[in-house]
2 protein chains.
Amino acid sequence: TPAPAPEKKERKSKKDKDDKKFTLKTPKGTTDFTPADMALRDSIFATITRVFQKHGGVTIDTPVFELKEILSGKYGEDSKLIYDLQDQGGELCSLRYDLTVPFARFLAMNGKQYPAMKRYQIAKVYRRDQPAMTKGRRREFYQCDFDIAGQYDDMVPDAEILAILVEVLTELDVGRFLIKLNHRALLDGVFEVCGVPTDLFRPISSAVDKMDKMPWAEVKAEMLQKGLDAAIADRIGTYVQRKGSKELVAQLREDADLIKSERAKAGLNDVELLFTYLDVLGVTDKISFDLSLARGLDYYTGLIYEAILLDELTTAQILAAKADKEKALAASGKAKKASAAATSDDADNDESVGIGSIAAGGRYDELVGMFAGTTKKGVANKIPCVGVSVGVERVFSVLQKKRGAAPVKANATQVYVMAVGDGLLPERMAVAKQLWEAGIPAEFMYKAKPKLQAQFNVCDKEQIPLAVILGPDELAQGLVKIKDMRAKVEGEASAGVAVKRDEMVAEITKRLAVL
Amino acid sequence: TPAPAPEKKERKSKKDKDDKKFTLKTPKGTTDFTPADMALRDSIFATITRVFQKHGGVTIDTPVFELKEILSGKYGEDSKLIYDLQDQGGELCSLRYDLTVPFARFLAMNGKQYPAMKRYQIAKVYRRDQPAMTKGRRREFYQCDFDIAGQYDDMVPDAEILAILVEVLTELDVGRFLIKLNHRALLDGVFEVCGVPTDLFRPISSAVDKMDKMPWAEVKAEMLQKGLDAAIADRIGTYVQRKGSKELVAQLREDADLIKSERAKAGLNDVELLFTYLDVLGVTDKISFDLSLARGLDYYTGLIYEAILLDELTTAQILAAKADKEKALAASGKAKKASAAATSDDADNDESVGIGSIAAGGRYDELVGMFAGTTKKGVANKIPCVGVSVGVERVFSVLQKKRGAAPVKANATQVYVMAVGDGLLPERMAVAKQLWEAGIPAEFMYKAKPKLQAQFNVCDKEQIPLAVILGPDELAQGLVKIKDMRAKVEGEASAGVAVKRDEMVAEITKRLAVL
C-alpha cells in the first residue's frame, strides 16, 4: 500500500524550541473536547441512542485495535489510510477504520449465539486522512452505527434502516437533508450492458462515485484514462446522470437493453420493493434514487446510500465559487498572486471542502462469511447485514454553528455552599456532605477563608442556581440561609431566606423541582 | 526501554490453518463486550457519572493517542508498557497509558481558560502488560478519573476526592473496601532519616511498594540487592510495616528522629490536617494510613492512595494458598508434575493473580508545569492537581460474578407488533411506525409471512412485555389486540384485549406506565 505524502514539519517558533523540548499539541487531525463541547456531544449521543433503542437496538463494544489481517482487503483504495501499531514484539495490530468490519468479525466469532442482531455502536474510528478540522473531518472521529444482521425477507430491514436514518437526522435537527440511494447490482448491470470489461468495473465505479465532486466531463476523462472507450463512457453517462424516485424505477424497467442484464433486473426488483416499504414508513420524500452513487468500500453487495445536508454548501458549489473568484481576480490582473496563494494552501487548513455526506451505509451480505469461513459440510457461514453509519463530528460542527456563542452550563451543580464571616470551612463541608447524601449536586470553595464576592462569582460563572449561606449567628440558632442566585434581587430579599438546618434539604428539593 | 519478552506464537489447529489465512480473535489482552455485558457496564458508568457530577465534575475528551514525547518520562519503570503507533510518515504517537497525563497536557494548553477545574473522564487506556482476563486485567481497559485542578488550601480538594471515592465504591456495591493512604514527602522523609542515599529513593520506594505482594523478608532482600545496607533496610522496616489511623499520625509526631526531617514533618502535617476533614466528611473509618504504600508512578508529589476490596482474595493470599498446595503435592510425591505444570502456565491464563487495587490516585503538583513551562517572567505555569482513577474492569468482574447467570434484558423494546394469518407486513410496519412516532420502542419480524409461534418466541427471548396483534378481522373493524406477554395467561384472556386503532397508543402508554 502506497504511503500518503509525508507531512510538513511542525513550524516551531524559536521561543518554543528554547523553552521546551516538545510541541504542546494534540496529534495532527485530533482534538480535545472542552466541557461545553462535551455537553453538546452528549446530547447528540443521547438523541441518537434513543432512536436506535426505539428500534430494538442493543449495543456491543469491540477493541479500538484489531489484528491487522482482519482489516486487510476490506476498504479498497482507502486501505492506505489505516493506522498500524508499531511491532513491539507481539501481534500486528491496526486501529479500527470503521465499526462495520469489527462488527462482522464479532458476528463471525459469535454467530451461534447471535445469528441475528440489531446492534448499535457509538465509538471512535481512525483514518490517516488529510484533516479539515472546522468541517469536522478528523483523523480520530466518532461513528454512530446501526446494523441489522440476520437472514430476513428482502428489503424489510433495509427499509427500517432508512427510516431510522430519517428519524435520527430529523431529531438531531441538522436542517434539510436528502438520502441518495443506489444498488450495487444495478450499477454493475449498467456497466455490463454498456460494455465495460469486467476488470474495469471497480475502477469505473470509483470514477462514477466522484460525480458529486466534479462535472461529468471530468469523470468521463478519468474513465478514458482508465482505459475505457469513449463510446462506452458516453453510454454510461446516459445512465449515471439520472436521478429521481419511483418513476425512475419504472422508466428503467422499460429500458429493454438494461433489463437484459440479470444483475440490473435483480437490483431494480430490490429498489422497487424497497419503495413500497418506504411509502408505508412515510420516508419516500427524503430519498433520491441516484444512479451516480457508487461508494468506495469493497464490502457492499446490494443497496447503498448516503445522506447529505442540503443547507450546507457542497464541495462542488464551493469549488465553483472559488473558480469564479479566481477568474475575476485574473481579469483584474491579480492572477499571479491569487494562484500563488492557492498553491501554498496547506490541505490541513483547506476549509474549501464542503461538509458533504453526513451518514452512509449499505448492505454487505458476504463480509461475515469472509471471516467465518464454511461449516464442516462446506456451507458458507454467511450472516447477511445491512447498516448505516452517522458521522457525528459533522453533525457536531453543524449544531455548534447553530448554537453560537450562548454560554453552556456544563456542570450539574445545583447548590453552592458559602460562608459569610470567618470561613467556616468544616461547617461548609458538613452541609455539602448533607446535600450529597440527599443526591443534590453541591460544591463549596476549597479555601479556609474565602471572600464572599469570590463565592458569588463562582455561582455566576458556573450558573449555579441556589446558594446555602452559612453565618456564625444563624449557625448558633440552627439556621442556614437559602438564596436564589438567578434572581438579581436587591435589598432585603437579596440575603435569602433562613430555614432550620434539618429542613434545608426539603426546602432545596422543593425549589429545585420548580426550577 | 527494554522490550517485554516476545509472546508465544498463537497455537493454531491444523483445521484452522487450512480453512482461513487468519486467526479469528481479538488482539491479546482485549475483548468484546456483548449486549448483556454492555447493560452492566452502562449501569456502572451511570452510577460513577452521577457521583462525579454530584461533586461538580465536568467532562472533557482527549485523543486516544498523544505525541510520543508527551508520555515520555512520566511512568517510571512502566514506560516499557506504552503502545507506540507505527511511523507511517508523520508525527510519532503513542496510545494513552492513563488519563492523567493527557489531562495535564490539556491544562497546560488551556490553563488560561481553565486555571481551575473539576474534571471527570471515563475512557479507555492501553498497557502492554501481561493480561489476566477473568480478573479484569487487560491491555485495553477503561479508567474512570476524577481530578481537581487549581490553587487551593491544603488538603481540602484531597479530602473531597477521598469522599468521592468512598461514595463511588459504596454506590457500586462492590463489597467491603479499604483505602490505603500515604504521603510521598513522608515516605521520602523516612528514607532520609533511615540514611538511604538520595539516588536510591525511587528504587527503594519501588521495593516498598511490593509489600502487599510479598513478605517483608523478600522486600528487604530486594533492597539489599539494590545496594542498600542491611541496617538501613531494617530501619526502613520499622516504619513501613506500620499502619493505622489518626493515632499513627500522633505516634509518628512523637518520633524525634523522624520529625527532624522537614519533608517528613510536612507530610505528617498534611496527613493530620487531612484526617480532620475526613472526620467531617465521615469517611475516616474507610481509610488505612499505611506507610508501605509507595505507588510506582513518577508524577506524584504528595498524598497517594489506593483502594482495595476486602472480600476478594489478594495476590498474597492466593500465592500462599498455591504454595501450600504445591507443598502438599510434593509431600505426596507428585512434585515433579506439579512443578512442570506451574512452569508451562501461560501468563495469559494465569488466574492466580488477585484482583488487588480497584482504584488509586494521588496529588501531582508538578505535572502541568512540566508541560506548560514558564511565563515570560520565568514563573512556572504550575496548576496543582489531585485525582483518583477507578479501575472499572475490575468492578465489572466483581459485579458480573455477583449477578450470576440471571438473564439480562439488553434491549429497550416494549412492544412487539405481530400478525395472525396472512402476514400483514405493511400493516405491521405501519403500526410500528405509529408507535415509534409516539416514542415507544417497538419491533416486528422482518418476514412477509412469519409464523405466530416464531413471533411469540421473540417476545420470550427478548423479554418484550407487550404485543400488538393484528388480524384480518380486527383490522377490518379498525381494531388491534393488545396482549401482556409477561402474564402466562391461558384461555380467553390469552388472546389479549381489542382496542380501537386510534386508542392503541394511549392504551399502551397507560400499560407501560405501570409496568
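The model is a predicted one, so local features need pLDDT of at least 70 and side-chain atom pairs pLDDT 80 or more, while totals for chains, interfaces and linings use all residues. Side-chain values use heavy atoms, without hydrogens and water, residues are numbered from 1 along each chain as its sequence is written, and chains are lettered from A and ligands numbered from 1 in the order in which they are written.

Now for the salt bridges. Side chains of opposite charge can pair when their charged atoms come close. With a salt bridge taken as a side-chain nitrogen of Lys or Arg within 4 Å of a carboxyl oxygen of Asp or Glu, the count over all chains is 76. One of them joins A:Lys118 and A:Glu160 at 3.9 Å, N to O. These two sit 42 residues apart, A:Lys118 in strand β4 and A:Glu160 in helix α5 of chain A (helices, H or I, have at least four residues and strands, E, at least two; both are DSSP runs numbered from the N terminus). Relative accessible area under 20% means buried, over 50% exposed, and in between partly exposed, using a 1.4 Å probe and protein chains only. A:Lys118, at 9%, therefore counts as buried, and A:Glu160 is buried at 1%.

Helix α12 of chain A takes part in another link: A:Arg263 there pairs with A:Glu192 of helix α6, 71 residues apart, at 3.1 Å. A:Glu192 is partly exposed at 36%, and A:Arg263 is partly exposed at 36%. Within helix α12, A:Lys265 and A:Glu262 lie three residues apart, about one turn of the helix, and form a salt bridge at 3.7 Å. A:Glu262 is exposed at 56%, whereas A:Lys265 is partly exposed at 31%. A network of salt bridges also links A:Arg41, A:Lys124, A:Glu140 and B:Asp61.

Over in chain B, strands pair up (DSSP finds at least two bridges between them). Strand β15 pairs with β14 in the antiparallel sense over four bridges, with B:Leu466 opposite B:Asp484. Strand β15 also pairs with β16, again antiparallel over four bridges, and B:Lys481 has B:Ala498 as its bridge partner.
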